[in-house]
2 protein chains.
Amino acid sequence: QRRKLRFSVNGEFKILQVADMHFANGAKTQCQNVLPSQRAHCSDLNTTIFMSRVIAAEKPDLIVFTGDNIFGFDVKDALKSINAAFAPAIASKIPWVAILGNHDQESTFTRQQVMNHIVKLPNTLSQVNPPEAAHYIDGFGNYNLQIHGAADSKLQNKSVLNLYFLDSGDYSSVPYMEGYDWIKTSQQFWFDRTSKRLKREYNAKPNPQEGIAPGLAYFHIPLPEFLSFDSKNATKGVRQEGTSAASTNSGFFTTLIARGDVKSVFVGHDHVNDFCGELKGLNLCYGGGFGYHAYGKAGWERRARVVVVDLNKKRKGKWGAVKSIKTWKRLDDKHLSVIDSQVLWNNSANKLVVR
Amino acid sequence: QRRKLRFSVNGEFKILQVADMHFANGAKTQCQNVLPSQRAHCSDLNTTIFMSRVIAAEKPDLIVFTGDNIFGFDVKDALKSINAAFAPAIASKIPWVAILGNHDQESTFTRQQVMNHIVKLPNTLSQVNPPEAAHYIDGFGNYNLQIHGAADSKLQNKSVLNLYFLDSGDYSSVPYMEGYDWIKTSQQFWFDRTSKRLKREYNAKPNPQEGIAPGLAYFHIPLPEFLSFDSKNATKGVRQEGTSAASTNSGFFTTLIARGDVKSVFVGHDHVNDFCGELKGLNLCYGGGFGYHAYGKAGWERRARVVVVDLNKKRKGKWGAVKSIKTWKRLDDKHLSVIDSQVLWNNSANKLVVR
């Protein structure tokens, strides 16, 4: 029976996003785009150490790896690299989940084999695909997690925060549509049905709640809508490269808006972009590149994104539903500096019409 | 048991598209945008007469009404208007189908009620929704038709041409997404699964065929991708107004391309556009405005689009699979002039990789 995730006694749930480790063979794997002073003693181990440090500093309730966890081309032993990449998370005993990017299958493992291996690792809540959709869904690594209300609160058996994980694929297999892949109709349909089911459960007895529990979506390849932001009109963070979205619009942005529960999307893929922007009420956020064997920008620290979701405090001091969703980034510098803190959503401000 | 449609003995299947009749109350309903000389004796009956004439001239195998069949606002008696609008098709005894636009439900009938009534009319093959998807699909009037090979040919029990009909809705019900509605995830998923099933059947024994049978898709509101064409880069026809697509991209263009069987999309909605354009191998065609109570352009004749699909001639003179898809338009002038003939697709030229 999979472990039930829940808001903590202080009414908080914290998620650490690790985007694009591009892990290969550990100590023998050189860093990319680092300062000359760093190069001599820089390897995949820097990625491992950064992860241990940021986990220790933030103590998240969940760690999310958003793809390109390994850089398949350079990997000698896929199993060993995957295990080493996730080792600090496994050692921390904190629940973690992973989805695939476009490089994870470029070693000797197919995408299905990579996901099949990940789901068997300790402390992971990753799934290959949802049982109810396994017979029709495209990709590997589509699943959702329910985060329940605080213990001994009225919502302890309700999912008050829903996390969606999707496989944005690797490269298009469709003629005329060169470039990166996208989230397919079958995956969008699974998301749409799951979101509707979760709303029904949220509104159902016992203890029916009004409206819809907020959600967050994590996948690797950004949507074309990310293109509408640059460093000036982003809410926080910077754009330092293009957006390598698919060459066609899958309609997933529309599907997300139509449901209305997902308040923010988190992606990776473009390592030196780390902005969030808001479009039609939906936040579009990059994690910012984490790994040292991934391309980056010398002097621009590797980084991780943290999301903290806070509950409302009810009368008699009990915890209620979600009040706000905040985010910031941690840099891999001496003090693990915190930058770009912002509120992505709060329950009062965005009185969206409930669908 | 619904009537099976089949290619004729001369290896041809002809479809007449009637876009945007905007029918109201018959003789008492005035025409819009007609020449002064026409105005005095112009009413909905002009629409009726044009339909009778063009049916007689073309003798199609199927008549397709692509929405805004009635103009709800002006309708006094919804039932009477619907029946009158389709009367010439019913009288012709030719099988016909209809889908909904954004005006059909603006009288006293809801979209569901309009479709429920249409499916009961004589000689129609319209469906409210596909039985296998009725429990999840959005909209009313989503269905497909299989056109079987010529009688006593090897393909007489195979669907060699697949027609998809979809409800593109009326007005967006999603905050932030003002304007027209779009084809939802559930409908795209139904299309995707149906296309895959039809391919399996096409490739299955007895008499397995290679590749995929071509398809055509009919709905009312154009996709945003229609915006990429004007009178200069269209293959045939003109643009004389904007494209009133939804304000967001549903991804249905991507879904169609990913499947690869649909060779052309036919829409209505923008009455004084009548072009076809080709984008990534998919033809995007307007029908051109048919009805006289619909806005138009004085001096620019109302028109209908005809599509003719021809089969390959096999050895020993038997008919085979589809060879080509052609289209032209008929104008409501003295001679029902034929204009803009073009080949949309032919089997040899477009050797698309089969998915």
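**Entry 1: symmetry.** I superposed the two copies and found that chain B can be laid on chain A with an RMSD of 0.0 Å, by a turn of 180 degrees and a shift of 0.0 Å along the axis. The two copies are thus related as by a two-fold rotation axis. I then looked up which C-alpha of chain B is nearest the axis. That C-alpha belongs to G251(B) and is 1.9 Å from the axis. I also noted that the same surface serves both copies, since 100% of the contact residues of chain B recur in chain A. I record here that this is a predicted model.

**Entry 2: extent of the interface.** I found 30 residues of chain B in contact with 30 residues of chain A. Between them, chain B and chain A bury about 2500 Å², and 65% of this area is on carbon and sulfur atoms.

**Entry 3: polar interactions.** I looked for salt bridges between chain B and chain A, and the count is zero. For polar contacts across this interface, I recorded eight residue pairs, with both residues at pLDDT 80 or more.

**Entry 4: make-up of the chain B side.** I asked which elements give two or more residues to the side of chain B that touches chain A, and found helix 5 (185-203) and helix 6 (252-259) of chain B. Helix 5 of chain B gives the most to this side, with six residues. By residue class, I listed 12 nonpolar, 13 polar and five charged residues on the side of chain B that touches chain A.

Key
Residues numbered from 1 in each chain as written. Chains lettered and ligands numbered in written order. Predicted model: local features only at pLDDT ≥ 70, side-chain atom pairs only at ≥ 80, totals over all residues. Heavy atoms only, no water. Contact = heavy atoms within 4.5 Å. Buried area = accessible area lost by both parts, 1.4 Å probe. Salt bridge = Lys/Arg side-chain N within 4 Å of Asp/Glu carboxyl O. Polar contact = N/O pair within 3.5 Å; in protein donor to acceptor, adjacent residues only side chain to side chain. Helix = DSSP H or I, 4+ residues; strand = E, 2+ residues; numbered from the N terminus. Nonpolar A, V, L, I, M, F, W, Y, C, P; charged D, E, K, R; others polar. Least-squares fit on C-alpha atoms with pLDDT ≥ 70 in both.
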